[in-house]
Amino acid sequence: MPHQQTQAIRIQTKRTNEMEHSTPMFLTSSFCFDNAEEMRAAFADESDDNIYSRFSNPNVKEFTDKMVALEGAEAGYATASGMSAVSGSFMALLKQGDHLLSCNSIFGSTHTVIAKYLPKFGIEYSYVSANATAADWKAAIKPNTKLIYLETPTNPGLEILDLAMIGKIAKENNIIFIVDNCFATPVNQKPIDFGADLVVHSATKWLDGQGRVLGGVVVGKKELIKDIYLFCRSTGPALSPFNAWVLSKSLETLDVRMERHASNALYIAQQLEKHPSIQSLRYPFLTSHPHHSIAIKQMQNGGGIVCFELKGGLVAGRKFLNNLKMLSMTANLGDTRSIASHPASTTHAKLSESERAAVNISAGLIRISVGLEHKDDILSDILQALS
Ligand SMILES: *Cc1c(COP(=O)(O)O)cnc(C)c1O
């Protein structure tokens, strides 16, 4: 088997008669058949022929095949956004009376799906904290727990959950284990190696890496992916072939991009750690990170996100953002351009102070998505904004 970076580059849709080198865009809603028998066989699932782009499309397949290879999975299905990969997985795999167990540090929209919409369908949930021990996780399992869902590193708090520990508990209890691998990407962390049954991604972030298109993907065990595929092909969160073409091209550079994002981020973290305006700083590959020993067990590098807590809370956080000259103030992350955000006044502004504290988001928390600009230009913009 070729190395993963080779597969991310060389997995490719079959050449057409035009003998193109780069995969063309298959911007077509449906596909033709030569005769009635071929069409019948495709509809009867007796062939893999494309029928309709809500079900399958060559560009979408190319992107999915690459993600399957990168994560070491059996199968996959790509969706219109990260959230449709998450919610499609829940809806396909859970039923009335089931219980979902998760961690209170999860992406905001994922929390909304779990806490607001799943209960409408009679699906229960409960959360443990990011610091939960094996005993805490085991104690939270109920007879009807069908699925364990978590993300690591968490957004925006950068907490690290122990994949091997939780994967083992899920297996022992016959529970489906899903990991949102958005922050790490498969270059940095492979949840399937630690017992995950499924891995979900917001392809919008590092996988695209240039802030252009929305996308999502779920990869993992074949029989589970089949259920998700059947649910999604009927309900319709299909990935656009254009977006899939962009994302497949992006994967060709994922390995080199992530290496530089991580080395830039480590540099920024090291340079800022002792800064007098910073109360505390979190980066998974610094020994000061509370979960450093777990991070080095399951991650290849510390990733591209650095978080720090400003002295002076909410006021200092807003002032810092206003002082920035180069870093972008925007809701995305995982871009070539460095991005700063202040969760307490934006994405998590609706939570109370104590709700934010429970998920480790303090008033002065700043999240930096470290881009591919020269590391000293990123650092000097942050330093001038701090002073
Ligand atoms: C952004 C994000 C999502 C949602 O992805 P979309 O592509 O925006 O729908 C899910 N999980 C994490 C960790 C994210 O950062």
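Which element gives the most to the lining of the largest pocket? It is α3, with 7 residues. This is a predicted model, where local features need pLDDT of at least 70, side-chain atom pairs count only at pLDDT 80 or more, and totals for chains, interfaces and linings use all residues. Residues are numbered from 1 along each chain as its sequence is written, and side-chain values use heavy atoms, leaving out hydrogens and water.

**Terms to know**
- A pocket is an open set of points on a 1 Å grid over the protein atoms alone, where a 1.4 Å probe fits, with protein on both sides within 12 Å along at least five of seven lines; lining residues have an atom within 4 Å of a point.
- Helices (H or I, at least four residues) and strands (E, at least two) are DSSP runs, numbered from the N terminus.

**The largest pocket**
- Its space comes to about 1300 Å³.
- Lining this pocket are 40 residues, and D48, N50, F55, S56 and K61 are the closest to its centre.
- Two or more lining residues come from each of α3 (58-71), β1 (75-79) and α9 (222-235).

**The second largest pocket**
- Here the space is about 1000 Å³.
- Of its 50 lining residues, F107, G108, S109, T347 and H348 are the closest to the centre.
- The largest share of this lining, 4 residues, belongs to α5.
- Other elements supplying at least two residues include α4 (82-93) and β6 (198-202).
- Both domain 1 (4-251) and domain 2 (254-386) contribute at least three residues to this lining, with the bounds taken from an automatic or database domain assignment.

Terms used:
Points joined across faces, edges and corners; volume = space filled by probe spheres on them.
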